[in-house]
Amino acid sequence: MTSKIPPQHMQECITAMLKNRQERKFKESVDLQLNLKNYDCQKDKRFSGSLRLPNNCRPRMNVGIIADLVLEDACKKIGVATMNMDDLKKLNKNKKLVKKMCGQYDSFLASDSVIKTIPRVVGPHMNRAGKFPSAINAGEDIKDKILETQSTVKFQLKKVLCLGTCVGHAEMTEEEIRQNVNMAINYFVSLLKKNWQNLKSAYIKTTMGKPQRLY
């Protein structure tokens, strides 16, 4: 889908966003904020979709791995920490303990051989926290799977007409941010019923910075 945002304008917004920010004690993310129009959350289909961006937008994202024996061995060899089903059983479906585990990680991956049994072991709490794991298949490149998780953005329409997602961080180059923003916004528009006609406005901003209007 062709973008309705002129490349020159996008470039100017990204430059202004990075130039006008103050140095912070933490690493700022770059967020894309989107507002819809002519969309009825009650009647129109609520869309949901995810997309891997070309550049890692959340390198500090902490990914928890729930492994079977084969994956556990493979992770040990490359120095990646894991937990197994016995560790989950120790939580005893205790809501507080499952919540605490979910709080330690931003996202989860699990061996495809154990993923179906996880709800039976921990109850519905991981799902409710929006942290249900994605599957990792035997023989998949573990580091690439973690990178994919850190580079993937999700768009899901709920009850309000505004959505936001992290598309990068302030240490990225302008070109890396441009690639991510361009791909994310075009994909988002492709999910909408009337595409660009449903997009009211789009902004990019760093965590503490001033929003720059893209569209």
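Of the contacts (heavy atoms within 4.5 Å) in the protein chain between residues at least 6 apart in sequence, 77% join residues at least 24 apart. The model is predicted, so local features need pLDDT of at least 70 and side-chain atom pairs count only at pLDDT 80 or more, while totals for chains, interfaces and linings use all residues. Residues are numbered from 1 along each chain as its sequence is written, and side-chain values use heavy atoms, with hydrogens and water left out.

The protein chain has eight helices and nine strands; these are DSSP runs, H or I of at least four residues for helices and E of at least two for strands, numbered from the N terminus. The C-alpha trace spans about 55 × 40 × 30 Å along its principal axes.

Of the 215 residues, 44% are buried, meaning under 20% relative accessible area with a 1.4 Å probe, protein chains only. In soluble globular proteins, nonpolar side chains tend to be buried together. A nonpolar core is a set of buried Ala, Val, Leu, Ile, Met, Phe, Trp, Tyr and Cys residues joined through side-chain atoms within 4.5 Å. The largest such core has 36 residues, and Phe 47, Phe 188 and Leu 214 have the most contacts inside it. Elements giving two or more residues to this core include α1 (7-19), β1 (29-36) and α8 (174-191). The most, six residues, come from α8.

Leaving aside neighbours within four places in sequence, Phe 47 is in contact with residues including Leu 36, Phe 155, Leu 163 and Phe 188. Another core, of 16 residues, lies apart from the largest one, and among its members are Ile 66, Val 114, Val 122 and Met 126.

Note on methods. Buried < 20%, exposed > 50% of the residue type's maximum accessible area, 1.4 Å probe, protein only.
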